[in-house]
Structures are given as C-alpha cells and as structure tokens.
Amino acid sequence: MQSLISGYRALVIGATGSIGSACVRVLRTDPNCSGVSELSRHSDSPVLLENEASIAEAAESVRASGPFQLLIDATGALTIDGHGPEKSLSALDAERLMRSFQINAIGPALVMKHFIPLLDGKHRAIYAKLSARVGSIADNKKGGWYGYRSAKAALNMMLQTAAIETLRKKPEAIFVALQPGTVASRLTTPFVRQAECLAPDTSATGMLNAMDVLPVSAGAQFIDYAGNKIAW
Ligand SMILES: NC(=O)c1ccc[n+]([C@@H]2O[C@H](COP(=O)([O-])OP(=O)(O)OC[C@H]3O[C@@H](n4cnc5c(N)ncnc54)[C@H](OP(=O)(O)O)[C@@H]3O)[C@@H](O)[C@H]2O)c1
C-alpha cells in the first residue's frame, strides 16, 4: 500500500477465514509491508469473540510487533451453531439473535476496545472491519436475515462511534467498514454457488486498493471492495 509509511506493519484478526487469509496472502506480496501478524481462534494467543479476556491477551501478545499502520478485523459469522439466517419474523429466536450480536457486533466492538490502542498515532493508519452491505439500513430492499443484518448495523455504529472518539487523539486514522463483495468462502457456501462468487484474493486486493486511496474523514466510512461508498 502506497499511502502508508514505508515498511508499514499489518495485523489481521480472523486470519483463518476465507477473506482474512486472503488479506494475509495479498499483504505478504506487498514489498512496502514489513510484516503481517495474524490472530485467530487458533493462534497461540486465541481471539475468542465471546471472551473479552482472550481478546485482551491476544492484543497484549502482538503489542511488541506494533504499532500497526493497518489493522483488519475479518471475523464474522452468518450460520451460527448450525442455524442459518432467519427468513421471516416468525423465525426469530432470542438466543440465536443474541449469538449473532455477540459474534458480529459485541465481539468486534471488544476487539476495537483492545486493538485500536495498537494503531499508529503518528502516521496514517487504517482500522478496517469486515462488515456487510446487508447491514446498511438505507440499502435494505429485500428484507430477511434479521439477526445478521441488525448485528452488522450495530457493528457499523460501534465503528463510527469508536472512530469519532479515536480521531480526537489520532487525527490521521482511517476507520472503514468493508463490504467485500459476494466472496467464495465458508460463510457463503450454503447460500451462493461458489463459482459465481469473487475469489477471496480478488476481494482482498480490491479492498486494500480501495483503502489505499481513502481520504481522512471526520468519522468512519462504509465502502465496497471496488471503493464505492455505501449508505449507512
Ligand atoms: N463472504 C462474503 O461474501 C461476505 C459478504 C459480506 C460480508 N462478509 C463478511 O466478511 C467477514 C469474513 O467472512 P468470510 O466469508 O471470510 O467467512 P469465513 O471464511 O467463515 O471466516 C470467518 C472468520 O471469523 C472467525 N470467527 C467466527 N466466529 C468466531 C468466534 N466466535 N470467535 C473468533 N473468531 C470467529 C472464523 O474463525 P474460524 O476459522 O476459527 O472459524 C474466521 O476466521 C465476515 O465479517 C462476514 O460477515 C463476507
């Protein structure tokens, strides 16, 4: 990435995911990137979105590799505990809604809490969270997928609020909610023909290029992998 300092350092959380691992692969080909740290549920210091202590310990475990100029949280889930997204109001279940909020909004907010302090405060630095277009209230024309949509909308608000607070101290920081496209992945396999999806590396390359040209802003920005703005 050309907009970050020479030899910038990156960290990918959710590095075992289809999109997270693609981000790691693509970043490793960037000669300007001096190191990519990876965290996931399976790393030596695991990040478990349901457990704040694990998130805090994982942040501590990579502190010495920072500060980071690029931090990507690529975690998230659509099918949870074997249950896919709800198609109708009659399918709503309190426990399943809470699980989606836990994994797609609350866990990632706790990741923000413990990892935003590792973001470089002296140079341009980007905090990117994989969100989803379906989390856009303005864009919701089809309905369905109540829990996932609502959790992503809540996530977007968490990111916007964290951006406003952090920008007071780190004015060169960029906060971005990302729609990766419809990407071949574990998450999409039950719902979309994988041959019709974007390859994860194509999505990752697009998102990194789009982030490279994002201007500094007074708050978070919501864009897709082609750099197009999405209405909140
Ligand atoms: N694929 C798409 O078309 C698409 C479209 C819109 C938005 N997105 C978003 O993009 C992100 C990545 O999706 P993906 O397609 O790459 O899915 P994926 O292959 O299923 O990867 C999901 C990642 O999240 C991690 N994760 C899930 N639950 C977790 C938990 N409880 N604690 C810690 N980590 C957990 C997974 O860890 P494990 O490897 O341990 O399971 C994995 O690293 C998600 O936020 C998704 O909502 C994807």
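Tutor: Let's start with a word we will need: a strand here is a DSSP run of E with at least two residues, and strands are numbered from the N terminus. The structure above is a predicted model. By that definition, Gln179 has its place in strand 5.

Student: Is Gln179 buried or exposed?

Tutor: The general idea is a cut-off: a residue is called buried when its relative accessible area is under 20%, and exposed when it is over 50%. Gln179 has a relative accessible area of 11%, so it counts as buried.

Student: Which residues is Gln179 in contact with, leaving aside its neighbours within four places in sequence?

Tutor: They are Ala132, Arg133, Ile223, Asp224, Tyr225 and Ile230. Two of these names, Ile223 and Asp224, will come back when we reach strand 6.

Student: How do I read the two sides of a strand?

Tutor: In a regular strand the side chains alternate between the two faces of the sheet. Now take strand 5, residues 173-179. Ala173, Phe175, Ala177 and Gln179 are on one side, while Ile174, Val176 and Leu178 are on the other, and all of them are buried. Seven of the seven residues are buried, so strand 5 is largely enclosed by the rest of the structure.

Student: Which way do the residues of strand 6 point?

Tutor: Gln221 and Ile223 point one way, Phe222 and Asp224 point the other way, and all are buried.

Student: In what order do the six strands stand in the sheet?

Tutor: The order is 2-1-3-4-5-6, in an open sheet with parallel pairing. At the edges are strand 2 (33-39) and strand 6, each of which pairs on one side only. From one strand to the next, the twist averages 20°.

Student: Is the β-α-β unit made by strand 5, helix 5 and strand 6 left-handed or right-handed?

Tutor: That unit is left-handed, and helix 5 covers residues 200-212.

Student: How should I read a helix?

Tutor: An α-helix has 3.6 residues a turn, so residues three or four places apart point the same way. In helix 1 (18-28), the buried residues are Ile19, Gly20, Ala22, Cys23, Val24, Val26 and Leu27. What covers them includes strand 1 (8-13), strand 2, strand 3, strand 4 and helix 5.

Student: Where does Arg99 sit, and is it buried or exposed?

Tutor: Arg99 is in helix 3. With a relative accessible area of 18%, Arg99 is under the cut-off and therefore buried. Not counting residues up to four places away in sequence, Arg99 touches Glu50, Ile80 and Asp81.

Student: I would like to see an exposed residue too.

Tutor: Look at Ala195, in the loop between strand 5 and helix 5. Its relative accessibility is 80%, so Ala195 counts as exposed. Ala195 is 17 residues from Asp212 in sequence, and their C-alpha atoms are 28 Å apart.

Student: How much space lies in the largest pocket?

Tutor: About 1,300 Å³. The lining has 49 residues, and the closest to the centre are Gly76, Ala77, Leu78, Tyr148 and Leu187. Helix 1, helix 3 (94-115) and helix 4 each supply at least two residues of that lining.

Definitions and conventions
Residues are numbered from 1 along each chain as its sequence is written. This is a predicted model: local features need pLDDT of at least 70, side-chain atom pairs count only at pLDDT 80 or more; totals for chains, interfaces and linings use all residues. Side-chain values use heavy atoms; hydrogens and water are left out. Buried means under 20% relative accessible area, exposed over 50%, partly exposed in between (1.4 Å probe, protein chains only). Helices (H or I, at least four residues) and strands (E, at least two) are DSSP runs, numbered from the N terminus. Two strands pair if DSSP finds at least two bridges between them. A crossover is right-handed if, with the strands pointing away from the viewer, the path from the first strand over the helix to the second runs clockwise. Axes are lines fitted to C-alpha atoms, for helices over the stretch in contact, and angles run from 0 to 180 degrees between N-to-C directions. On a 1 Å grid over the protein atoms alone, a cavity is a set of points where a 1.4 Å probe fits but cannot get out, and a pocket is an open set with protein on both sides within 12 Å along at least five of seven lines; lining residues have an atom within 4 Å of a point. Grid points are joined across faces, edges and corners, and a volume is the space filled by probe spheres set on the points. Contact means heavy atoms within 4.5 Å.
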